[in-house]
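User: Hey, I've got a model open and I'd like to walk through it with you. Can we take it piece by piece?

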Amino acid sequence: MRFADIAVNLADPMFTGSYHNKQRHVSDLPQMIKRAKDKGVERILITGTSLGDSKVALKLAKEYDFHCTAGCHPTSTSEIPNHPSGFEGYLSDLRNLISEDRGQGGSKRIISIGEIGLDYDRLHHSSRDTQLEHLPSLLKLSEEFRLPLFLHSRTSESHVDLVRTLKHIGWSTKWGGGVVHSFTGTENEMKELVNMGLYIGINGCSLKIKENIEVVKQIPLDRLLLETDAPWCSITSSHESHKYLPHTDSGCFIERVNKPDKWKDGMGVKGRQEPADIVIIANIVSKIMDIPLEQLSQQVWQNTIKLFYPSELI
């Protein structure tokens, strides 16, 4: 079986051993990537969550032969006014980053516009008005570059405004399609997104409560994508999905130390998700949907290629 992780925050300091601005161990990024490949993870999409972060994501994508997104996470939109040339300057710099990579002689590692969307759960990072003000222009980068959207939507109010904005700007799957990643919404919200032609991204945060599990059961298999959102969204004993975990002797798990300062060479860290953990997400979802793991992994792989690597279908 082969797997793709469509959401990895590879630029996060945790992957270089820094936790809460304190260096706890040496960078183990190359080892972490090897662990993923050893588990059958063949594709990793590195998430760009701001202008600066998108530049780092592109650098890492080139270095490790992966691909990445470029955009501005809704909670990062508060940084836009601080750009010397305001929003137009910020958007221009983001556009240039994408254009140079996608143009002649570029690496073509940027294959998606995002992470962009709305997050009304963390308004202390960026106000609702700020998020909404910049959303249309960010979304239209998908039309300009004909690249799929990598969307963020947190809370039902965010969902309503995101859908309204997509419709208002005339979004179409002809722009390149898209996925609402780390989906935690209701069944009706999921169905509305699917009916628009969007994919649904599922990770550990999508599997916390009983209602989440019931929603996952209803996702059309040809609209499902899987992710870890590493280093975030670990599955804990309090999560509804915990009972669906594979057996400890299944070969799905990597060895981990309990704390960052106890790190050992070749081991992961408890609470820090890695791309290798996509195998665990796949196992859980296959049990929830009551289908064989092989069938799930094959379909999700096809979905991933169709959305993010369409040239491979030709």
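User: Okay, D229 first: is it buried or exposed?
Analyst: D229 is buried, with a relative accessible area of 10%. Buried means under 20% relative accessible area, exposed means over 50%, and partly exposed is in between, using a 1.4 Å probe and protein chains only. Before we go on: this is a predicted model, where local features need pLDDT of at least 70, side-chain atom pairs count only at pLDDT 80 or more, and totals for chains, interfaces and linings use all residues. Residues are numbered from 1 along each chain as its sequence is written, and side-chain values use heavy atoms, with hydrogens and water left out.

User: Which residues does UniProt list for "binding site"?
Analyst: The UniProt entry, which is unreviewed, lists E115 and D229 under "binding site". Those two span 115 residues in sequence, yet no two of their C-alpha atoms are more than 11.6 Å apart, so they gather at one spot. Both E115 and D229 are in the lining of the largest pocket. One caution on the record: UniProt positions are in the numbering used here, feature names are shortened, and annotations may be inferred rather than shown by experiment.

User: Got it. Which residues lie nearest the centre of the largest pocket?
Analyst: That would be N9, H73, R122, D229 and W232, out of 24 lining residues. The pocket's volume is about 590 Å³. For volumes, grid points are joined across faces, edges and corners, and the volume is the space filled by probe spheres set on the points. The lining divides into 5 nonpolar, 12 polar and 7 charged residues. Here Ala, Val, Leu, Ile, Met, Phe, Trp, Tyr, Cys and Pro count as nonpolar, Asp, Glu, Lys and Arg as charged, and the others, Gly among them, as polar.

User: What about the second largest pocket, how many residues line that one?
Analyst: There are 17, and I235, L245, F253, R256 and I280 lie nearest its centre. About 490 Å³ of space lies in it, and its lining has 6 nonpolar, 7 polar and 4 charged residues.

User: Back to E115: where is it?
Analyst: E115 sits in strand β6 (residues 110-119). It counts as buried, at 3% relative accessibility. Its contacts beyond four places in sequence include H73, F150, H152 and H181.

User: New topic. Which peptide bond at E115 is cis?
Analyst: The one from G114 to E115, with omega near 15°. Another cis peptide bond joins A230 and P231, where omega is about 10°, and P231 is in the loop between β10 and β11. As background, most residues other than glycine have a negative phi, and most peptide bonds are trans.

User: So what is the phi of D65?
Analyst: D65 has a positive phi of about 60°, although it is not a glycine. It lies in the loop between α2 (51-64) and β5 and is exposed, at 52% relative accessibility. C233 also isn't a glycine and has a positive phi of about 65°. C233 is buried at 10% relative accessibility, in the loop between β10 and β11.

User: Last one: what does the side chain of T77 reach?
Analyst: It reaches the backbone oxygen of P74, at 2.6 Å. T77 is in the loop between β5 (67-70) and α3 (86-102), and it is buried, at 3% relative accessibility.

Notes: 1 Å grid on protein atoms, 1.4 Å probe; cavity = no way out; pocket = protein on both sides within 12 Å on 5 of 7 lines; lining within 4 Å. Helix = DSSP H or I, 4+ residues; strand = E, 2+ residues; numbered from the N terminus. Contact = heavy atoms within 4.5 Å. Polar contact = N/O pair within 3.5 Å; in protein donor to acceptor, adjacent residues only side chain to side chain.
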